[in-house]
Amino acid sequence: MAAVLAFASASGAIAAEKIRIVTEGTYPPFSSVNGKGELVGFDVDIAKALCKTMKAECEVVTQNWDGIIPGLMARKYDAVIASMSITEERKKAVDFTSPYYSNKLQFSGPKNKPLDISKAGLRGKTIGAQRATFAAIWFEQNYKGVDLKLYAGQEEVFSDMASGRLDGIIADVYVTYDWLQSKMGEKFEFKGPVLYDGDKVGIAVRKGDALRERLNSALKTIRENGTYAKINARYFPFDIY
């Protein structure tokens, strides 16, 4: 695992248990490893805030996206805070907390280069997406017959589009928004309207784990006491809840 972050409640009280939380670590601004080797991002800050509220000793580790749910089932960690969409298929394997933010899907592509996002318009084009994400699943269900190139990580998707190997990508709005502000992303833009705005993101735990209700209670607290709003403002000039 690429990075590990351990912390306790601000009061210094350390519970007998240790809660292990996993995030992806390659999905800025939600999770990434900075130049100092520190795990940072919206998801990481939410994890810290929840652990502080629960007065729990926590450890945050990273895991590649494809292995996140298998790792949870294998008890390598106790909760997934990794911008995971709540889907019916995933609910067969894990339990989710209440949503902690709302996601949207949208295409993006090079500026000054039209991209017809209709099914007919995308035939013959190569669109990229991160494998096993809600964006990839949604695209495959709604754009049958259109070539979709899948990648292990979102940063690889952005890199290939910047290198001219993709005509466009489909991804979560907020991770794309962050990339468009970067030097690499400045020559790209959103294409067309928001495609889907009913995607809810939650924290995954093992089936029947009582940790779910503790996390739900802590989420309610940080929403009510302003902690969530402060974290949100560090990364976005708008509310993503």
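1. A quick word on terms before anything else: buried means under 20% relative accessible area, exposed over 50%, and partly exposed in between, using a 1.4 Å probe and protein chains only. Helices (H or I, at least four residues) and strands (E, at least two) are DSSP runs, numbered from the N terminus. This is a predicted model, with local features needing pLDDT of at least 70, side-chain atom pairs counting only at pLDDT 80 or more, and totals for chains, interfaces and linings using all residues. Residues are numbered from 1 along each chain as its sequence is written, and side-chain values use heavy atoms, with hydrogens and water left out.

2. Overall picture. The protein has nine helices and 13 strands, and its C-alpha trace spans about 60 × 35 × 35 Å along the principal axes. The radius of gyration is 18 Å, which agrees with the value near 18 Å for a compact globule of 241 residues. That radius is taken over C-alpha atoms, and the globule rule is 2.2 Å times the number of residues to the power 0.38.

3. Of the 241 residues, 51% are buried. The protein exposes about 11,100 Å², with carbon and sulfur atoms supplying 50% of it; the areas come from the Shrake-Rupley method with a 1.4 Å probe. If we take contact as heavy atoms within 4.5 Å, then among contacts between residues at least 6 apart in sequence, 72% join residues at least 24 apart.

4. Charges. I see 33 positive and 29 negative side chains, with the centres of the two sets 1 Å apart. Lys and Arg count as positive and Asp and Glu as negative, while His and the chain ends are not counted. Each charge is placed at NZ of Lys, CZ of Arg, CG of Asp or CD of Glu.

5. Two strands pair if DSSP finds at least two bridges between them; here, four bridges join strand 10 to strand 11 (residues 148-151), and the two run parallel. Glutamine 130 has tyrosine 151 of strand 11 as its bridge partner.

6. Lysine 149. This residue also belongs to strand 11, but it is partly exposed, with a relative accessible area of 36%. Leaving aside neighbours within four places in sequence, lysine 149 is in contact with residues including Ile127, Gly128, Ala129 and Asp160.

7. Strands 2 and 6. Six bridges join strand 2 (residues 18-23) to strand 6, again running parallel. Isoleucine 21 has valine 60 as its bridge partner in strand 6. Strand 6 (residues 57-62) is mostly covered, with five of its six residues buried.

8. The 3-4-5 sheet. Three strands form an open sheet in the order 3-4-5, with antiparallel pairing. Its edge strands are strand 3 (26-27) and strand 5 (39-40), each of which pairs on one side only. Two bridges join strand 3 to strand 4 (residues 31-33), and tyrosine 27 stands opposite serine 31 in strand 4.

9. Phenylalanine 107. This one lies in strand 9 (residues 101-110) and counts as buried because its relative accessibility is 0%. Beyond neighbours within four places in sequence, phenylalanine 107 is in contact with Ile117, Leu122, Ile127, Phe139 and Tyr143, among others. Its C-alpha atom is separated by 27 Å from that of threonine 62, 45 residues apart along the chain.
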